[in-house]
Amino acid sequence: MVAGIALSPQARSRAAPGDERRRKLLARAGWSLSAPALIVVAAVTIFPIIFSVILSFTNVNVTGSGFSIGAMTGENYAEIFHASVWRYALVFTVVYTVVTVVIEVVLGTLLALVAARLTKGRGYFMALLLLPWSMITVISAELWGYIYQGTYGVADAIFQAVGLGHPLFLGTPTPAIISMMVADIWKTTPFVGIIVLAGLVMLPQDVFEAAQIDGASGWTTFWQITFPLLRPTLAIATLFRILQAFGLFDLPFVLTGGGPGTSTTSLALLGYKVMFEDVAFGPGAAIATTTTALVLAGCLLFLRVFRAQVGAAKEA
Amino acid sequence: MGAHRESTLGKAMRWATLSVVVVLIAAPLYWLIASSFKTPVNIGASPPQFIPAPATLANYRAAFEHYGFGRYVLNSVIVTLGATVLVLVLGTLAGYAFGRLPLRGVAVVLVILLMISVFPEIAVVPPLYLLLHRIGWLNSYQALIVPYTAFNLPFAVWILRNYFLGIPHEMEEAARVDGASTLRTVWSVILPQALPGLFTAGIFTFTACWTEFLMALTFDSSNSYRTIPVGIALFGSPNVIPFGTIFAAATVAIVPIGILVFVFRKWVVSGLTAGAVKG
């Protein structure tokens with residue numbers, strides 16, 4: 001047997017036609033094994049997305065037992081592009097995404113840097129960080145709704161106790177947006193912290209020891225060593241968060257209902273309202289399609305930058 | 001001496017920061033659980049009651065008896081377990097094929113899967129709603145099990161493929177030399193090695209299905225098929241939000257997941273960083 005293994009490279013080259021047949025057999029087996037998964041994914045995501053693009057160019061009528069679609073038209077897009085609610089939702093979603101993701105990544109990184117020094121209890125600390133992440137968003141939205149409640153909310157009590165008066169947390173546009181961001185940051189910063197922390201503890205330790213011997217300050221060490229090495233991890237955490245934040249739905253649905261007015265209506269919430277409150281599936285599909293296109297474009301752009309980042313990290 | 005004093009100061013600052021973080025994360029969680037034991041009058045007390053006195057189980061009784069929360073829990077369990085089992089079975093088959101068999105074009109398939117897994121859900125809600133309406137699947141368990149399976153499969157396939165890829169080929173060879181059949185080799189040699197990957201994929205799928213809201217709201221909004229998030233979001237009337245009942249139900253919904261995540265934290269963390277490791 002040992003001889004058999006030792007001879008195998010030679011044996012393989014001699015038995016090339018048989019091996020090729022075996023490879024083809026295995027490949028066929030492989031595609032059949034993966035077919036169920038690929039078919040389910042395609043049937044529920046790729047096919048519907050193509051269908052959604054078609055819907056977005058037609059007039060959809062929902063009937064009792066099904067639906068009918070009319071002739072192809074660009075009206076749905078003209079309608080949403082001209083609607084100030086859509087333009088506002090687009091701006092709101094982009095601003096919300098940028099602000100929350102930047103704050104979450106910065107705070108999450110700080111959190112990870114502090115926690116990485118922990119020798120005891122790091123596992124428990126990580127478990128605590130996981131709790132907000134594993135929480136149903138609807139529940140955290142209800143919880144923050146209670147905290148921000150105008151007459152008996154604990155946030156109001158705290159603000160009064162420190163002499164900041166009676167802000168209307170959810171009653172006027174700007175405070176409502178900020179309050180919602182706080183709820184989002186509470187739930188998601190720990191998630192970013194976990195990813196960065198896990199990336200941090202996997203970095204080679206000898207570089208840091210060398211920097212310490214050289215007498216580099218903490219600040220220098222971070223910008224010269226930690227940050228460049230951590231860039232791929234940070235890029236992935238940021239990408240995850242951008243994509244999640246852009247699909248924002250659960251939090252405004254429960255916490256503000258998109259209001260006051262339409263001040264916290266995200267693209268996803270607007271799409272939902274157009275489809276299920278106005279029963280306008282054509283424009284709804286147009287909103288869904290443009291949102292998807294924007295996410296896809298953002299994703300590709302980010303992957304491009306990210307690939308450059310990884311290249312830079314490998315060269316370093 | 002100076003350096004020593006500085007490190008003591010640094011240590012103190014680190015512990016202070018960590019304590020603040022722990023309080024900031026834990027305080028809202030405490031508020032949720034504590035408020036679930038407040039009486040209907042005390043839930044609206046101003047200034048708020050920091051420790052529920054008297055503590056009552058009335059909210060839990062109301063959630064289950066008046067609002068029928070038990071039904072929502074059952075629906076969530078059926079949908080979540082159904083999707084998780086499907087994801088693990090289909091994901092293992094595909095992950096094995098992509099990780100260990102000589103397939104051409106796997107890289108392209110994997111990138112497409114990755115892109116699908118990041119699509120916003122709103123992208124598929126309009127077409128899926130209409131299609132489910134057409135085939136009469138709205139308000140059924142399969143209306144959620146099938147989309148949940150599809151949305152969680154890409155991540156599971158990635159994770160499992162990485163685990164299968166990491167298992168040395170010598171182990172398989174050795175089993176084959178010993179005369180084990182292919183199926184037996186996979187079952188008794190390969191699968192046990194991929195167990196951590198199965199755990200990670202399972203916990204992730206479970207958490208994602210347990211917390212999903214948009215599709216559950218649009219496809220299964222009738223009272224008998226509502227899952228926990230939909231049930232809680234639609235508790236009460238537009239004018240009255242029964243916070244006590246909501247928090248009692250919420251406590252029932254988050255405690256099992258919290259324990260699960262706490263016990264399996266190692267696998268959850270490794271799942272969260274799987275992308276970073278491979279990247």
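User: Where does Leu110(A) sit?
Analyst: Leu110(A) is found in helix α4 of chain A, which covers residues 84-116; helices here are DSSP runs of H or I with at least four residues, strands are runs of E with at least two, and both are numbered from the N terminus. This is a predicted model, in which local features need pLDDT of at least 70 and side-chain atom pairs count only at pLDDT 80 or more, while totals for chains, interfaces and linings use all residues. Residues are numbered from 1 along each chain as its sequence is written, and chains are lettered from A and ligands numbered from 1 in the order in which they are written.

User: And why does Leu110(A) count as partly exposed?
Analyst: Leu110(A) counts as partly exposed because it has 15 C-beta neighbours inside 10 Å. A residue is buried if 20 or more other C-beta atoms lie within 10 Å of its own, exposed if 12 or fewer, and partly exposed in between, with C-beta atoms placed from the backbone.

User: How far apart are Leu110(A) and Lys187(A)?
Analyst: In space they are 16 Å apart, C-alpha to C-alpha, and in sequence Leu110(A) and Lys187(A) are 77 residues apart.

User: What about the next helix, α5 of chain A, and which of its residues are buried?
Analyst: Helix α5 of chain A, residues 122-134, reaches 18 Å from its first C-alpha to its last, close to the expected 18 Å for its 13 residues; the expected span is 1.5 Å times one less than the number of residues. Its buried residues include Phe125(A), Met126(A), Ala127(A), Leu129(A) and Leu130(A).

User: Zooming out, what is chain A built from, and what is its radius of gyration?
Analyst: Chain A has 13 helices and 2 strands. Its radius of gyration is 26 Å, whereas a compact globule of 316 residues would be near 20 Å; the radius is taken over C-alpha atoms, and the globule rule is 2.2 Å times the number of residues to the power 0.38. Along the principal axes, the C-alpha atoms of chain A fill a box of roughly 80 × 65 × 30 Å, and 38% of the residues of chain A count as buried.

User: How is chain A divided into domains?
Analyst: Chain A has domain 1 at 2-56 and domain 2 at 85-315, with bounds that come from an automatic or database domain assignment. The C-alpha centres of these two domains of chain A lie 38 Å apart. Their contact takes 5 residues from domain 1 of chain A and 7 residues from domain 2 of chain A, where two residues are in contact if their C-beta atoms, placed from the backbone, lie within 7 Å.

User: Switching to chain B, why is it called more spread out than a compact globule?
Analyst: Chain B has 13 helices and 0 strands. The radius of gyration of chain B is 24 Å, well over the 19 Å that the globule rule gives for 279 residues, so chain B is more spread out than a compact globule. Buried residues make up 44% of chain B, and its C-alpha atoms fill a box of roughly 75 × 75 × 35 Å, taken along the principal axes.

User: How many residues of each chain are in contact across A and B?
Analyst: In this model 79 residues of chain A are in contact with 81 residues of chain B. On the chain A side, helix α2, residues 16-56, gives the largest share with 20 residues. By class, that side has 58 nonpolar, 17 polar and 4 charged residues, where Ala, Val, Leu, Ile, Met, Phe, Trp, Tyr, Cys and Pro count as nonpolar, Asp, Glu, Lys and Arg as charged, and the others, Gly among them, as polar.

User: Which residues have the most contacts inside the largest nonpolar core?
Analyst: They are Ile139(A), Ile194(A), Ala156(B), Val157(B), Ile232(B) and Ala250(B), in a core of 149 residues. The largest share of this core, 16 residues, comes from helix α6 of chain B, residues 142-166. A nonpolar core is a set of buried Ala, Val, Leu, Ile, Met, Phe, Trp, Tyr and Cys residues joined through C-beta atoms within 7 Å.

User: Backbone check: which residues does a cis peptide bond join?
Analyst: One cis peptide bond joins Ser46(B) and Pro47(B), with omega about 0°, and another joins Ala53(B) and Pro54(B), again with omega about 0°. Pro47(B) is placed in the loop between α1 (2-35) and α2 (58-66) of chain B, and Pro54(B) is found in the loop between α1 and α2 of chain B.

User: What is phi at Val279(A), and is that residue buried or exposed?
Analyst: Phi of Val279(A) is near 45°, a positive value in a residue other than glycine. Val279(A) lies in the loop between α12 (267-276) and α13 (281-315) of chain A, and it counts as exposed because it has 11 C-beta neighbours inside 10 Å.
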